[in-house]
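This report describes one protein chain and selected parts of it. The sequence and structure come first, and the description follows.

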Amino acid sequence: MKHYDLIVIGSGPAGEKAAVKAAYHGKSVAVVEKESMLGGAGTNTGTLPSKTLKETALYYSGINESGLFGVDKELKRAADAEDFFFRKNEVQDWQELGIEKNFVLHNIDVYKGKGTVINPNRVQVVGVDDALLEADFILIATGSYPFQPEGIPFDGKFVHDSDTILSIKGIPKSMVIVGAGVIGCEYATIFAVMGTKVKLVNGHGDILTFLDPEIRDQLVDSMEHDNIEFVLNQRIEKVEILPEDHEFNVHAKLSDGDPIQADMFLYAAGRSGQSAGLGLAEVGVEIGSRGNIVVDKEYRSAVPSIFAVGDVIGFPALASTGMDQGRVAVSHMFGFGDQVQLTEHFPYGIYTIPEVSVYGLTEEEAKQQGYECVVGRARYVDMPRGKIMGVKRGMLKMVVDKKTERVLGVHIIGKIATELVHYGMALVDSKATIETVINRVYNMPTLHELYKYAAYNVLIEGHYLDAPTGH
Ligand SMILES: Cc1cc2nc3c(=O)[nH]c(=O)nc-3n(C[C@H](O)[C@H](O)[C@H](O)COP(=O)(O)OP(=O)(O)OC[C@H]3O[C@@H](n4cnc5c(N)ncnc54)[C@H](O)[C@@H]3O)c2cc1C
Ligand SMILES: NC(=O)c1ccc[n+]([C@@H]2O[C@H](COP(=O)([O-])OP(=O)(O)OC[C@H]3O[C@@H](n4cnc5c(N)ncnc54)[C@H](O)[C@@H]3O)[C@@H](O)[C@H]2O)c1
């Protein structure tokens with residue numbers, strides 16, 4: 001039996017980064033992965049595939065260029081599924097190879113097979129590689145899987161979850177998406193700009209409730225502009241796949257009894273932690289709701305030698321946070337002392353069309369915390385770079401404490417919002433004031449100038465010269 005300092009079960013973003021950090025510091029590490037491809041949902045079914053499909057959809061829809069010449073262009077050509085998935089597959093293969101190289105570079109042994117914890121220091125691997133491994137520590141980074149409500153006939157052809165949607169054979173004419181969370185909204189905009197008629201059904205009246213309402217309203221307006229129909233305060237509990245001679249493939253009833261039908265259904269109604277069948281409860285690891293492993297601040301489970309990170313511990317369940325949870329967990333295991341906790345705040349990046357990215361307090365949250373706040377806004381269309389790029393939509397909203405002029409939050413909707421937000425993060429974290437933003441020279445023309453003009457806008461309390469916002 002081979003002995004390691006650390007066995008990591010799962011090669012997704014959380015497992016990979018933990019394994020590599022431990023190995024970088026000289027620890028002997030084994031990674032166990034049950035799928036043929038390394039990289040987990042981050043590489044194969046979640047983060048990278050959906051983001052690549054977004055870029056593909058932007059390319060085929062011609063949206064990027066439509067603002068340049070003053071005319072809305074039709075789809076460049078009706079892409080078939082092979083075209084649609086071409087770049088996704090390319091990016092996926094490239095990332096998988098990168099992870100493999102990273103493991104080789106760090107002398108990490110990879111075992112292909114399903115890992116089961118048989119005691120607090122042993123893992124049985126069954127699959128391509130059969131092995132019994134022992135380690136001082138075991139890290140569970142097994143991720144999550146799409147929640148599949150009972151009574152829904154997921155067939156991978158007409159009724160999909162966010163995994164099987166990646167194997168469709170053609171772009172559907174119509175689609176019902178159930179769940180207007182991040183996955184539902186991202187895929188709604190991807191398919192809508194590809195020409196699919198999308199209906200987005202959500203159990204609640206509001207979507208993405210963590211967003212600043214003004215940004216959320218702009219996203220909803222933009223999605224409606226792209227022909228997405230919102231069906232709110234409705235649930236879909238029962239779905240029927242229709243025989244071939246029907247106009248639509250799938251039929252369902254909303255909670256108010258109204259029928260709803262489409263060529264394809266996509267369920268995006270949350271995810272559950274992949275903790276079952278790992279032998280965890282048997283060795284004393286506590287499992288909470290939705291299969292999420294219960295851990296302390298150091299990511300240690302109820303069993304001292306077993307840690308857990310990433311989606312399998314639940315919120316926030318992002319690749320970005322999972323990677324750092326992995327690094328923090330390893331730091332505690334071996335006492336590296338270099339990264340003792342995940343930063344309290346992290347940005348949200350929603351890769352809808354248009355993108356949304358936020359950091360810090362919303363206007364409402366700032367008021368609830370007792371700040372008298374003032375906001376500044378700058379629109380993409382008013383920036384020279386925005387004009388050059390032909391960008392029609394988008395805004396940066398800055399929430400500022402009126403007394404100290406400190407930047408409390410930055411909320412962006414529009415092109416490359418997920419990139420632009422990081423300067424806002426630095427402002428909020430360093431307790432910078434709008435003076436800092438104004439008294440700096442930035443490249444010109446850039447979208448980054450949004451910050452400067454939002455800061456100037458704070459000085460006139462959020463009024464636009466051409467369209468006062470009534471602040
Ligand atoms: C459609 C979609 C879009 C997303 N977009 C974003 C985004 O834009 N930004 C972002 O930050 N996050 C995004 N996420 C979330 C992100 O993908 C996850 O948070 C991240 O992949 C979780 O990483 P992880 O390492 O915890 O688990 P995973 O990536 O799920 O990896 C877990 C791995 O463990 C393996 N495994 C499970 N059980 C066993 C076992 N018993 N033995 C061996 N191996 C096992 C699995 O096969 C898998 O490879 C998205 C998710 C989805 C579904
Ligand atoms: N850009 C990103 O960072 C990104 C992108 C995609 C996914 N993710 C991760 O994946 C996770 C899962 O995403 P998700 O969108 O599946 O889940 P979610 O929990 O964010 O949203 C699910 C939505 O579905 C609704 N819903 C649930 N059951 C329903 C039903 N029967 N009928 C109608 N509506 C129903 C809920 O009200 C909710 O709004 C996210 O929380 C996030 O951690 C992140």
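## Helix α12

The model is predicted: local features need pLDDT of at least 70, side-chain atom pairs count only at pLDDT 80 or more, and totals for chains, interfaces and linings use all residues. Residues are numbered from 1 along each chain as its sequence is written, while chains are lettered from A and ligands numbered from 1 in the order in which they are written.

Helices (H or I, at least four residues) and strands (E, at least two) are DSSP runs, numbered from the N terminus. Packing here rests on contacts, in which the C-beta atoms of two residues, placed from the backbone, lie within 7 Å. The buried residues are Ala417, Leu420, Val421, Gly424, Leu427 and Val428. A residue is buried if 20 or more other C-beta atoms lie within 10 Å of its own, exposed if 12 or fewer, and partly exposed in between, with C-beta atoms placed from the backbone.

Helix α12 covers residues 417-429, 13 residues in total, and its first and last C-alpha atoms are 18 Å apart, close to the expected 18 Å at 1.5 Å a residue. The expected span is 1.5 Å times one less than the number of residues. A kink of about 25 degrees is centred on Tyr423; the bend at a residue is the angle between axes fitted to the seven residues ending there and the seven starting there.

## The record for residues 347-454

UniProt, in an unreviewed entry, places the feature "domain: Pyridine nucleotide-disulphide oxidoreductase dimerisation" at residues 347-454. UniProt positions are given in the numbering used here, feature names are shortened, and annotations may be inferred rather than shown by experiment. Over residues 347-454 the chain is 33% helix and 27% strand, with end C-alpha atoms 19 Å apart.

## Helix α5

Helix α5 runs over residues 81-105; its 25 residues reach 36 Å from first C-alpha to last, close to the 36 Å expected at 1.5 Å a residue. This helix has a kink of about 25 degrees, centred on Arg87. Just after α5, Asn107 takes a positive phi of about 55 degrees.

Phe85, Gln92, Gln95, Ile99 and Phe103 are buried in α5. The partners of the buried residues of α5 are α1 (13-24), β2 (29-33), α2 (40-44), α3 (47-61) and β3 (109-112).

## Around ligand 2

Ligand 2 is surrounded by 25 residues, of which the closest are Gly179, Gly181, Ile183, Ala269 and Ala317. A residue counts as near the ligand if its C-beta atom, placed from the backbone, lies within 6 Å of it. Two or more residues of this shell come from each of α6 (182-193), β10 and β18 (348-350). Helix α6 gives the largest share, four residues.

## Lys197

Lys197 lies in strand β10 (residues 197-202). This lysine is partly exposed, with 16 other C-beta atoms within 10 Å. Leaving aside neighbours within four places in sequence, Lys197 is in contact with Lys173, Ser174 and Asn227. Lys197 and Glu214 are 17 residues apart in sequence and 26 Å apart in space, C-alpha to C-alpha.

## The whole chain

The protein chain has 14 helices and 22 strands. Of its 471 residues, 45% count as buried. The C-alpha trace spans about 75 × 65 × 40 Å along its principal axes.
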